[in-house]
Amino acid sequence: MSHIIASLLPIFIIIALGYAFTRAKFFSAEGVSALGKFVLHIALPALIFKTIAEKKIQEVFVPAYLFGYTAATIVCFIVAFVVARKLKQTRQGAAINAFGQTYSNSAFVGYPLLLGVIGANASVYFSLNSIIENVFLLPAFLIIAESENANSEARFSTRMRQIILSVLRKPLIIALIMGLFLSVVQWKLPTPIDKAVGLLAAAAAPVAIFAIGCGLSGIKLQGDMADIVQITAGKLLLLPLLVAFFIWLLGGNDEMIFAGALMGGISMANTVAIYAYQYGHPHRGAASMITTNVFSVFTLSAIFLIHQWLSTH
(Lines give C-alpha, C1' and ligand atoms only; values in the text may rest on other atoms or scores of the structure.)
Protein backbone atom coordinates (compact mmCIF):
# COMPACT_ATOMS: atom_id res chain seq x y z
CA MET A 1 0.00 0.00 0.00
CA SER A 2 2.87 2.36 0.80
CA HIS A 3 4.20 1.86 -2.75
CA ILE A 4 0.81 2.86 -4.19
CA ILE A 5 0.68 5.99 -2.04
CA ALA A 6 4.28 6.84 -2.93
CA SER A 7 3.43 6.56 -6.65
CA LEU A 8 0.10 8.41 -6.63
CA LEU A 9 0.61 11.07 -3.95
CA PRO A 10 3.22 13.20 -5.79
CA ILE A 11 0.93 13.37 -8.83
CA PHE A 12 -2.06 14.59 -6.83
CA ILE A 13 0.06 17.01 -4.80
CA ILE A 14 1.18 18.72 -8.00
CA ILE A 15 -2.40 18.71 -9.35
CA ALA A 16 -3.54 20.31 -6.07
CA LEU A 17 -0.80 22.94 -6.36
CA GLY A 18 -1.91 23.79 -9.90
CA TYR A 19 -5.49 24.11 -8.70
CA ALA A 20 -4.53 26.24 -5.67
CA PHE A 21 -2.26 28.62 -7.59
CA THR A 22 -4.92 29.16 -10.25
CA ARG A 23 -7.65 29.75 -7.65
CA ALA A 24 -5.32 32.26 -5.97
CA LYS A 25 -5.06 34.12 -9.32
CA PHE A 26 -1.34 33.43 -9.80
CA PHE A 27 -2.27 32.21 -13.29
CA SER A 28 -4.73 33.85 -15.63
CA ALA A 29 -6.87 31.91 -18.10
CA GLU A 30 -4.36 32.90 -20.80
CA GLY A 31 -1.50 31.57 -18.69
CA VAL A 32 -3.23 28.23 -18.12
CA SER A 33 -3.94 27.99 -21.85
CA ALA A 34 -0.28 28.69 -22.60
CA LEU A 35 0.82 25.88 -20.26
CA GLY A 36 -1.49 23.44 -22.00
CA LYS A 37 -0.29 24.50 -25.44
CA PHE A 38 3.34 24.12 -24.37
CA VAL A 39 2.68 20.56 -23.22
CA LEU A 40 0.60 19.46 -26.21
CA HIS A 41 2.43 21.29 -29.00
CA ILE A 42 6.05 21.26 -27.80
CA ALA A 43 7.00 19.10 -24.80
CA LEU A 44 4.99 15.95 -25.57
CA PRO A 45 5.85 15.94 -29.30
CA ALA A 46 9.52 16.25 -28.26
CA LEU A 47 9.03 13.30 -25.90
CA ILE A 48 7.37 11.11 -28.55
CA PHE A 49 9.96 12.04 -31.18
CA LYS A 50 12.91 11.31 -28.89
CA THR A 51 11.44 8.08 -27.54
CA ILE A 52 10.78 6.59 -30.98
CA ALA A 53 13.84 7.98 -32.77
CA GLU A 54 16.22 6.48 -30.21
CA LYS A 55 14.76 2.98 -30.37
CA LYS A 56 14.69 0.29 -33.02
CA ILE A 57 11.31 -0.07 -34.68
CA GLN A 58 10.71 -3.50 -33.12
CA GLU A 59 11.16 -1.97 -29.64
CA VAL A 60 8.47 0.64 -30.31
CA PHE A 61 5.96 -1.60 -32.08
CA VAL A 62 4.33 -3.69 -29.34
CA PRO A 63 1.53 -5.64 -31.10
CA ALA A 64 -0.17 -7.06 -27.99
CA TYR A 65 -0.52 -3.60 -26.46
CA LEU A 66 -1.37 -1.71 -29.65
CA PHE A 67 -4.00 -4.16 -30.92
CA GLY A 68 -5.30 -5.05 -27.46
CA TYR A 69 -5.89 -1.43 -26.46
CA THR A 70 -7.42 -0.69 -29.87
CA ALA A 71 -9.83 -3.64 -29.60
CA ALA A 72 -10.86 -2.55 -26.11
CA THR A 73 -11.42 1.02 -27.33
CA ILE A 74 -13.65 -0.17 -30.19
CA VAL A 75 -15.77 -2.41 -27.93
CA CYS A 76 -16.11 0.25 -25.22
CA PHE A 77 -17.01 2.93 -27.79
CA ILE A 78 -19.70 0.75 -29.38
CA VAL A 79 -21.21 -0.24 -26.01
CA ALA A 80 -21.27 3.39 -24.85
CA PHE A 81 -22.82 4.59 -28.10
CA VAL A 82 -25.55 1.93 -28.06
CA VAL A 83 -26.40 2.58 -24.40
CA ALA A 84 -26.61 6.34 -25.00
CA ARG A 85 -28.88 5.83 -27.99
CA LYS A 86 -31.13 3.58 -25.88
CA LEU A 87 -31.31 6.50 -23.41
CA LYS A 88 -32.72 8.65 -26.26
CA GLN A 89 -29.53 10.57 -27.00
CA THR A 90 -29.02 12.06 -30.45
CA ARG A 91 -26.25 10.58 -32.58
CA GLN A 92 -24.02 13.50 -31.61
CA GLY A 93 -24.83 13.19 -27.92
CA ALA A 94 -24.20 9.45 -27.99
CA ALA A 95 -20.89 10.01 -29.79
CA ILE A 96 -19.81 12.44 -27.06
CA ASN A 97 -20.62 9.88 -24.34
CA ALA A 98 -18.71 7.18 -26.22
CA PHE A 99 -15.77 9.52 -26.83
CA GLY A 100 -15.69 10.48 -23.15
CA GLN A 101 -15.58 6.82 -22.11
CA THR A 102 -12.65 5.95 -24.38
CA TYR A 103 -10.41 9.03 -24.75
CA SER A 104 -7.94 8.97 -21.85
CA ASN A 105 -5.89 11.86 -20.54
CA SER A 106 -2.75 10.01 -21.60
CA ALA A 107 -0.67 13.15 -22.05
CA PHE A 108 -1.38 15.02 -18.83
CA VAL A 109 -2.01 12.16 -16.38
CA GLY A 110 -1.25 8.75 -17.89
CA TYR A 111 2.32 9.33 -19.02
CA PRO A 112 3.52 11.13 -15.87
CA LEU A 113 1.94 8.50 -13.63
CA LEU A 114 3.26 5.57 -15.65
CA LEU A 115 6.72 7.16 -15.78
CA GLY A 116 6.85 7.23 -12.00
CA VAL A 117 5.98 3.54 -11.79
CA ILE A 118 7.71 1.70 -14.65
CA GLY A 119 10.29 4.24 -15.81
CA ALA A 120 11.52 4.71 -19.38
CA ASN A 121 9.11 2.24 -21.00
CA ALA A 122 6.27 4.63 -20.13
CA SER A 123 7.13 6.73 -23.18
CA VAL A 124 6.67 3.71 -25.48
CA TYR A 125 3.17 3.02 -24.16
CA PHE A 126 2.32 6.71 -24.33
CA SER A 127 3.43 6.79 -27.97
CA LEU A 128 1.18 3.84 -28.77
CA ASN A 129 -1.75 5.48 -26.97
CA SER A 130 -1.15 8.62 -29.02
CA ILE A 131 -1.55 6.57 -32.20
CA ILE A 132 -4.77 4.92 -30.98
CA GLU A 133 -6.36 8.09 -29.63
CA ASN A 134 -5.31 10.60 -32.29
CA VAL A 135 -5.12 8.55 -35.48
CA PHE A 136 -8.08 6.22 -34.87
CA LEU A 137 -10.40 7.34 -32.05
CA LEU A 138 -10.59 11.11 -32.61
CA PRO A 139 -11.33 10.87 -36.36
CA ALA A 140 -13.92 8.12 -35.72
CA PHE A 141 -15.71 10.32 -33.19
CA LEU A 142 -15.65 13.36 -35.49
CA ILE A 143 -17.00 11.36 -38.44
CA ILE A 144 -19.98 10.16 -36.38
CA ALA A 145 -20.60 13.59 -34.82
CA GLU A 146 -20.33 15.42 -38.14
CA SER A 147 -22.58 12.92 -39.95
CA GLU A 148 -25.56 14.33 -38.05
CA ASN A 149 -24.82 17.85 -39.29
CA ALA A 150 -24.08 16.96 -42.88
CA ASN A 151 -26.69 18.52 -45.17
CA SER A 152 -25.29 16.93 -48.27
CA GLU A 153 -22.79 14.31 -49.33
CA ALA A 154 -20.50 17.01 -50.73
CA ARG A 155 -20.40 18.89 -47.45
CA PHE A 156 -19.77 15.69 -45.49
CA SER A 157 -16.86 14.63 -47.74
CA THR A 158 -15.34 18.10 -47.43
CA ARG A 159 -15.53 17.87 -43.65
CA MET A 160 -13.91 14.43 -43.71
CA ARG A 161 -10.97 15.81 -45.68
CA GLN A 162 -10.66 18.59 -43.13
CA ILE A 163 -10.64 16.05 -40.30
CA ILE A 164 -7.90 13.96 -41.93
CA LEU A 165 -5.76 17.02 -42.65
CA SER A 166 -6.31 18.28 -39.10
CA VAL A 167 -5.08 14.97 -37.67
CA LEU A 168 -1.99 14.97 -39.91
CA ARG A 169 -1.15 18.53 -38.82
CA LYS A 170 -1.15 17.68 -35.11
CA PRO A 171 2.34 18.17 -33.60
CA LEU A 172 2.03 14.80 -31.83
CA ILE A 173 1.39 13.01 -35.13
CA ILE A 174 4.14 14.91 -36.97
CA ALA A 175 6.58 13.99 -34.17
CA LEU A 176 5.44 10.38 -34.35
CA ILE A 177 6.02 10.18 -38.12
CA MET A 178 9.43 11.87 -37.89
CA GLY A 179 10.46 9.64 -35.00
CA LEU A 180 9.44 6.50 -36.90
CA PHE A 181 11.45 7.65 -39.91
CA LEU A 182 14.62 8.16 -37.84
CA SER A 183 14.01 4.85 -36.06
CA VAL A 184 13.81 2.99 -39.39
CA VAL A 185 16.90 4.62 -40.95
CA GLN A 186 18.76 4.70 -37.60
CA TRP A 187 19.92 8.31 -37.95
CA LYS A 188 21.17 10.23 -34.92
CA LEU A 189 20.49 13.90 -34.30
CA PRO A 190 23.45 16.28 -33.81
CA THR A 191 24.31 16.43 -30.11
CA PRO A 192 23.13 20.05 -29.46
CA ILE A 193 19.75 19.38 -31.10
CA ASP A 194 19.40 16.06 -29.29
CA LYS A 195 20.06 17.75 -25.93
CA ALA A 196 17.57 20.52 -26.70
CA VAL A 197 14.89 17.96 -27.59
CA GLY A 198 15.73 16.06 -24.40
CA LEU A 199 15.27 19.15 -22.24
CA LEU A 200 11.85 19.80 -23.76
CA ALA A 201 10.85 16.15 -23.37
CA ALA A 202 11.86 16.18 -19.69
CA ALA A 203 9.48 19.09 -19.06
CA ALA A 204 6.44 17.17 -20.36
CA ALA A 205 5.51 15.22 -17.22
CA PRO A 206 5.74 17.89 -14.46
CA VAL A 207 4.19 20.68 -16.53
CA ALA A 208 1.39 18.38 -17.72
CA ILE A 209 0.46 17.40 -14.16
CA PHE A 210 0.50 21.01 -12.97
CA ALA A 211 -1.61 22.09 -15.94
CA ILE A 212 -4.29 19.51 -15.03
CA GLY A 213 -4.73 21.16 -11.64
CA CYS A 214 -4.88 24.59 -13.27
CA GLY A 215 -7.56 23.42 -15.69
CA LEU A 216 -9.81 22.04 -12.92
CA SER A 217 -10.14 25.45 -11.31
CA GLY A 218 -13.51 27.05 -11.99
CA ILE A 219 -15.23 23.94 -13.39
CA LYS A 220 -18.70 23.35 -11.91
CA LEU A 221 -20.61 20.08 -11.59
CA GLN A 222 -23.66 20.65 -13.79
CA GLY A 223 -25.49 18.63 -16.43
CA ASP A 224 -27.57 15.50 -16.95
CA MET A 225 -26.45 13.09 -14.24
CA ALA A 226 -27.35 9.99 -16.29
CA ASP A 227 -24.85 10.98 -18.99
CA ILE A 228 -22.20 11.99 -16.45
CA VAL A 229 -22.58 8.68 -14.59
CA GLN A 230 -22.39 6.73 -17.86
CA ILE A 231 -19.21 8.49 -18.97
CA THR A 232 -17.58 8.18 -15.53
CA ALA A 233 -18.43 4.50 -15.01
CA GLY A 234 -17.51 3.54 -18.56
CA LYS A 235 -14.24 5.45 -18.47
CA LEU A 236 -13.00 4.31 -15.06
CA LEU A 237 -14.42 0.77 -14.90
CA LEU A 238 -15.34 -0.68 -18.30
CA LEU A 239 -12.41 0.60 -20.37
CA PRO A 240 -9.55 -0.55 -18.07
CA LEU A 241 -11.19 -3.98 -17.65
CA LEU A 242 -11.54 -4.39 -21.42
CA VAL A 243 -7.98 -3.18 -22.05
CA ALA A 244 -6.50 -5.60 -19.51
CA PHE A 245 -8.56 -8.47 -20.95
CA PHE A 246 -7.65 -7.88 -24.61
CA ILE A 247 -3.93 -7.33 -23.92
CA TRP A 248 -3.90 -10.54 -21.87
CA LEU A 249 -5.80 -12.33 -24.64
CA LEU A 250 -3.15 -11.28 -27.17
CA GLY A 251 -0.31 -12.55 -25.00
CA GLY A 252 0.83 -9.32 -23.39
CA ASN A 253 3.13 -9.54 -20.36
CA ASP A 254 2.37 -8.18 -16.88
CA GLU A 255 3.88 -4.76 -17.59
CA MET A 256 1.79 -4.32 -20.75
CA ILE A 257 -1.41 -5.34 -18.96
CA PHE A 258 -0.68 -2.98 -16.05
CA ALA A 259 0.24 -0.10 -18.37
CA GLY A 260 -2.89 -0.62 -20.46
CA ALA A 261 -5.19 -0.85 -17.43
CA LEU A 262 -3.65 2.28 -15.95
CA MET A 263 -3.92 4.24 -19.21
CA GLY A 264 -7.52 3.09 -19.55
CA GLY A 265 -8.40 3.83 -15.94
CA ILE A 266 -7.24 7.44 -15.77
CA SER A 267 -9.46 10.49 -16.19
CA MET A 268 -11.11 11.63 -19.39
CA ALA A 269 -9.08 14.00 -21.58
CA ASN A 270 -10.06 17.68 -21.64
CA THR A 271 -10.29 17.30 -25.44
CA VAL A 272 -13.66 15.62 -24.85
CA ALA A 273 -14.93 18.63 -22.90
CA ILE A 274 -13.84 20.95 -25.71
CA TYR A 275 -15.77 18.97 -28.34
CA ALA A 276 -18.76 18.55 -26.00
CA TYR A 277 -18.90 22.35 -25.73
CA GLN A 278 -18.58 22.68 -29.51
CA TYR A 279 -21.50 20.29 -30.10
CA GLY A 280 -23.79 21.93 -27.54
CA HIS A 281 -23.18 19.86 -24.37
CA PRO A 282 -20.84 22.08 -22.28
CA HIS A 283 -22.02 20.95 -18.83
CA ARG A 284 -21.70 17.26 -19.68
CA GLY A 285 -18.07 17.64 -20.75
CA ALA A 286 -16.99 19.88 -17.86
CA ALA A 287 -18.77 17.81 -15.19
CA SER A 288 -17.31 14.56 -16.52
CA MET A 289 -13.85 16.12 -16.26
CA ILE A 290 -14.45 16.61 -12.53
CA THR A 291 -15.99 13.20 -11.82
CA THR A 292 -13.41 11.17 -13.77
CA ASN A 293 -10.54 13.05 -12.10
CA VAL A 294 -11.98 12.63 -8.59
CA PHE A 295 -13.06 9.00 -8.84
CA SER A 296 -9.93 7.94 -10.76
CA VAL A 297 -8.15 8.07 -7.37
CA PHE A 298 -10.11 4.96 -6.36
CA THR A 299 -9.85 3.08 -9.67
CA LEU A 300 -6.12 3.74 -9.94
CA SER A 301 -5.60 2.55 -6.37
CA ALA A 302 -7.52 -0.63 -7.24
CA ILE A 303 -5.40 -1.17 -10.37
CA PHE A 304 -2.21 -0.76 -8.32
CA LEU A 305 -3.45 -3.15 -5.63
CA ILE A 306 -4.47 -5.83 -8.14
CA HIS A 307 -1.14 -5.48 -9.98
CA GLN A 308 0.75 -5.73 -6.70
CA TRP A 309 -1.22 -8.81 -5.60
CA LEU A 310 -0.74 -10.57 -8.94
CA SER A 311 3.00 -9.80 -8.88
CA THR A 312 3.40 -11.55 -5.52
CA HIS A 313 1.25 -14.63 -6.22
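Biologist: How much space lies in the largest pocket?

Modeller: Happy to start there! Keep in mind that this is a predicted model. In it, the space in the largest pocket comes to about 960 Å³.

Biologist: Which residues are the closest to the centre of the largest pocket?

Modeller: The lining of this pocket is made of 39 residues. Of these, the closest to the centre are Leu40, Phe108, Asn270, Thr271 and Ile274.

Biologist: Which element gives the largest share of the lining of the largest pocket?

Modeller: Let's look at the helices. Those giving two or more residues to this lining include H6 (106-118), H14 (270-278) and H2 (29-53). The largest share is seven residues, and it comes from H2.

Biologist: How many residues in the lining of the largest pocket are charged?

Modeller: Let's sort the lining by class. There are 21 nonpolar residues and 15 polar ones. The charged residues number three.

Biologist: Good, now the second largest pocket. How much space lies in it, and which residues are the closest to its centre?

Modeller: The second largest pocket holds about 400 Å³ of space. It is lined by 15 residues, and the closest to its centre are Ala244, Ile257, Ala261, Ile303 and Ile306.

Biologist: Which helix gives the most to the lining of the second largest pocket?

Modeller: Helices H12 (225-249), H13 (254-265) and H15 each supply at least two residues of this lining. With six residues, the helix that gives the most is H15.

Technical notes: Residues numbered from 1 in each chain as written. Predicted model: local features only at pLDDT ≥ 70, side-chain atom pairs only at ≥ 80, totals over all residues. Heavy atoms only, no water. 1 Å grid on protein atoms, 1.4 Å probe; cavity = no way out; pocket = protein on both sides within 12 Å on 5 of 7 lines; lining within 4 Å. Points joined across faces, edges and corners; volume = space filled by probe spheres on them. Helix = DSSP H or I, 4+ residues; strand = E, 2+ residues; numbered from the N terminus. Nonpolar A, V, L, I, M, F, W, Y, C, P; charged D, E, K, R; others polar.
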